[in-house]
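Hello,

Here is the structure we talked about. Please look it over before reading my notes.

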Amino acid sequence: GAVELYYDNVKRFETTSAGISIVGTIEASGNLDVPDWGQLKLGTGDDLLIYHNGSHSYIDNTSGTGNLYIQDQIVRVRSATSFAVDNADGSETALMAALNGAVSLYYDNSQKLVTTSGGAQITGYLSFPDNSGIKCGDSADLHIYHDGSNSYISELGTGDLIVNTNGNN
């Protein structure tokens, strides 16, 4: 049968056919040791799972009951080589950050922007709404934009606008 432990006439611990039941807070001065594939289940419906499968570690919020938020003043997720944000089943990557390397952004599992040692590379095109565009230079002297009717390349600084083809101005 069951074994029950009380504190000040209030049941705090009991054995059950499924394991144990605890009422109150668990305070441990050592480790909580869970074997591979053993899961820490949180929420009334076991909505959040934390586990290790022997090779990889998981925080699993795929029950569909809400979003997973990682909140801190500074969020730091570290791995030996990279950090990735994937979809729920891990079949598509949204963001990949490599240690001492590139950060890549993906759309529908297709890399669209990646940082490089020289700047960034874009696959596809940049799209700007009318009356928006590119500004270059320390004082944003060069503008390239479209106003809905016309396209402009404007030099707004003190220099000239020089168009160079094959070394000829």
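Predicted model: local features only at pLDDT ≥ 70, side-chain atom pairs only at ≥ 80, totals over all residues.

Residues are numbered from 1 along each chain as its sequence is written, and side-chain values use heavy atoms, with hydrogens and water left out.

Salt bridges come first. The rule asks for a side-chain nitrogen of Lys or Arg within 4 Å of a carboxyl oxygen of Asp or Glu. The count is two salt bridges. Lys-11 pairs with Glu-4, with the closest N and O atoms 3.4 Å apart. Lys-11 also pairs with Glu-14, at 3.5 Å between the closest N and O atoms.

Now accessibility. Buried means under 20% relative accessible area, exposed over 50%, partly exposed in between (1.4 Å probe, protein chains only). Glu-4 is partly exposed at 36%. Lys-11 is partly exposed at 32%.

Last, strand β6. Strands are DSSP runs of E, at least two residues, numbered from the N terminus. Strand β6 covers residues 57–60 and contains Ile-59. Ile-59 has a relative accessible area of 55%, so this residue counts as exposed.

Best wishes

Terms used: Helix = DSSP H or I, 4+ residues; strand = E, 2+ residues; numbered from the N terminus.
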